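Open your viewer and keep the sequence panel beside it. We will go from stop to stop, with something to select at each one.

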Amino acid sequence: MVSRDMDTKVISRRRSLLKPELSTLKVDSRETRKNSLSGEGKRSNNSETNSIRKVKKCVKLNVNGEDENVVKRKHKERKTLDQRENRKKSESFSRNKVEYKKNMGEERLLKKKKKRGIRLDPHDTSNKRLDDGLTSKDNNKEKQEDSAKEKTVEMSKNAQFRAICPSPSILSFVEDNLLGRRRDIQIKRAGYNIELSAPLDNIPFSTNSERERIEEPVFRNKLEFFAAAKVSSSFPPVDLPEIAFAGRSNVGKSSLLNALTRQWGVVRTSDKPGLTQTINFFKLGPKMCMVDLPGYGFAYAKEEVKEAWEELVKEYVSTRLGLKRVCLLIDTKWGMKQRDHELIDLMERAQTKYQIILTKTDTVFPIDVARRAMQIEESLKSNKSVVQPVVMVSSKSGAGIRSLRTVLAKIARFVKP
Ligand SMILES: Nc1nc2c(ncn2[C@@H]2O[C@H](COP(=O)(O)OP(=O)(O)OP(=O)(O)O)[C@@H](O)[C@H]2O)c(=O)[nH]1
Ligand SMILES: [Mg+2]
């Protein structure tokens with residue numbers, strides 16, 4: 001009985017926590033007590049225990065006397081709350097991580113920038129980082145100023161070039177020989193067969209090939225290679241009058257030899273500067289010798305090797321006894337360069353006869369060919385060893401080749417062997 005009373009008491013104490021059905025249970029428990037006091041039989045007693053059991057089934061109490069369902073619910077709620085908090089924390093952590101990385105990256109960049117900004121004394125010669133910091137800025141400024149100056153000089157050079165008025169004789173020569181960049185249709189209309197190699201060098205409509213049609217008999221001879229020299233001691237003995245072809249690398253020296261003799265491929269050519277690396281001697285019949293010189297200036301070769309070629313060329317043009325003329329080849333597009341002037345000075349001092357040949361005339365407009373010829377003729381007016389006029393040619397189109405043959409054939413004619 002005591003235990004039963006205790007149960008009912010606990011139930012009433014916890015009624016606020018219980019569901020509505022519990023209030024009915026409370027009524028039941030009161031009735032049970034009444035019944036028990038009035039001494040009613042076992043039946044009522046049993047019904048009371050049954051209802052308590054029912055309550056016990058619905059409401060499980062834990063050790064502290066708390067309802068387990070409620071505790072569970074609370075626990076669940078706390079758990080979900082905790083999970084939410086954890087998620088928030090992890091999100092904020094990853095966000096922070098990204099920000100941290102960003103900051104670190106910026107810091108590193110700043111550090112790098114700071115490194116570049118190290119100020120160094122420009123007058124301290126022991127300092128090896130003169131290109132850093134302020135000095136580099138100064139250098140850049142200087143460079144920019146220099147390049148701007150160069151540009152203005154270059155521009156004024158171009159302007160000066162465009163202002164040249166070629167003489168009527170030069171202009172008419174350019175037109176008559178179809179020098180300069182021409183369209184195939186124009187060459188065709190002039191009566192030349194554009195299917196032939198170097199068509200402008202041949203008789204119009206000629207189907208006869210190559211050497212037989214050459215107007216200067218000396219150039220109909222076979223071109224024969226007979227010696228190559230890397231040093232002056234290996235120059236061959238002087239037997240014949242020599243005509244040498246000098247100029248910057250890739251200017252078209254070897255190609256011109258082939259075009260003059262219409263013997264394509266006898267002298268090797270290449271679009272890579274620096275192919276001819278020795279002084280090559282070719283016999284052209286019993287009366288003349290043609291000499292192909294290595295080029296100077298830019299070439300695919302080591303610096304010391306190029307210097308050796310240049311020295312060899314200088315020695316040849318200033319000391320060779322049999323040398324009757326140096327054809328100094330100049331690219332029409334680029335004109336004369338520093339190295340060309342150096343060689344001219346040397347030949348002036350050595351009193352070696354030389355003539356300027358403008359090459360690759362097919363790469364520029366006819367008016368520019370005339371301007372370049374005029375410009376060079378004017379600049380060399382006071383020189384003593386130069387042979388005028390400037391000759392204009394194109395080994396590719398054949399323009400001007402016949403005129404050059406005429407000039408060179410005269411040398412062979414008048415020279416006594
Ligand atoms: N468009 C055009 N190209 C030419 C002419 N003459 C030569 N070339 C080209 O220029 C390049 C160089 O010609 P080369 O005759 O080997 O020149 P090089 O002066 O002997 O050169 P190095 O032996 O290196 O000093 C080749 O690709 C030729 O085809 C020309 O009249 N017109
Ligand atoms: Mg060559």
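## First stop: the paired strands

Select strand E2 (residues 242-247) together with E5: the two pair in the parallel sense over six bridges. Strands here (E, at least two residues) and helices (H or I, at least four) are DSSP runs, numbered from the N terminus, and two strands pair if DSSP finds at least two bridges between them. Glu242 stands opposite Leu323 in E5.

Before going on, a word on the model: it is predicted, so to speak of a local feature takes a pLDDT of at least 70 and side-chain atom pairs count only at pLDDT 80 or more, while totals for chains, interfaces and linings use all residues. Residues are numbered from 1 along each chain as its sequence is written, and chains are lettered from A and ligands numbered from 1 in the order in which they are written.

E5 and E6 run parallel and are joined by six bridges. Look for Val326 opposite Tyr354 in E6, and for Asp331, whose bridge partner in E6 is Thr359.

A residue is buried if 20 or more other C-beta atoms lie within 10 Å of its own, exposed if 12 or fewer, and partly exposed in between, with C-beta atoms placed from the backbone. In a regular strand the side chains alternate between the two faces of the sheet. Both faces of E6 are covered, with Tyr354, Ile356 and Leu358 buried on one side and Gln355, Ile357 and Thr359 buried on the other. In E5, seven of the nine residues are buried, so that strand too is largely enclosed by the rest of the structure.

## Second stop: the core

Next, select Ala244, Ala246, Leu328 and Leu358, which touch the most other members of the largest nonpolar core, a set of 63 residues. Such a core consists of buried Ala, Val, Leu, Ile, Met, Phe, Trp, Tyr and Cys residues joined through C-beta atoms within 7 Å. Strand E5 (residues 323-331) provides the largest share of this core, six residues.

Select helix H6 (residues 168-176), where Ile170, Phe173 and Val174 are buried. Seen down the axis of H6, the buried residues fall within an arc of 100° (taken from the directions from the helix axis to the C-beta atoms), so they line one face of the helix. On the other side of H6, Pro168, Ser169, Ser172, Glu175 and Asp176 are exposed. Just after H6, find Leu178, which takes a positive phi of about 50°.

Go to Pro286, in the loop between strand E3 (279-284) and strand E4 (288-292). Is Pro286 buried or exposed? Pro286 counts as exposed because it has 10 C-beta neighbours inside 10 Å. Then select Asn221, 65 residues away along the chain: its C-alpha atom is separated from that of Pro286 by 8.7 Å.

## Last stop: ligand 1

Finish at ligand 1, which has 24 residues around it; Gly252, Ser255, Asp271, Thr276 and Gly295 come nearest. A residue is near a molecule if its C-beta atom, placed from the backbone, lies within 6 Å of it. Helix H8 (residues 253-261) gives the most to this shell, with three residues.
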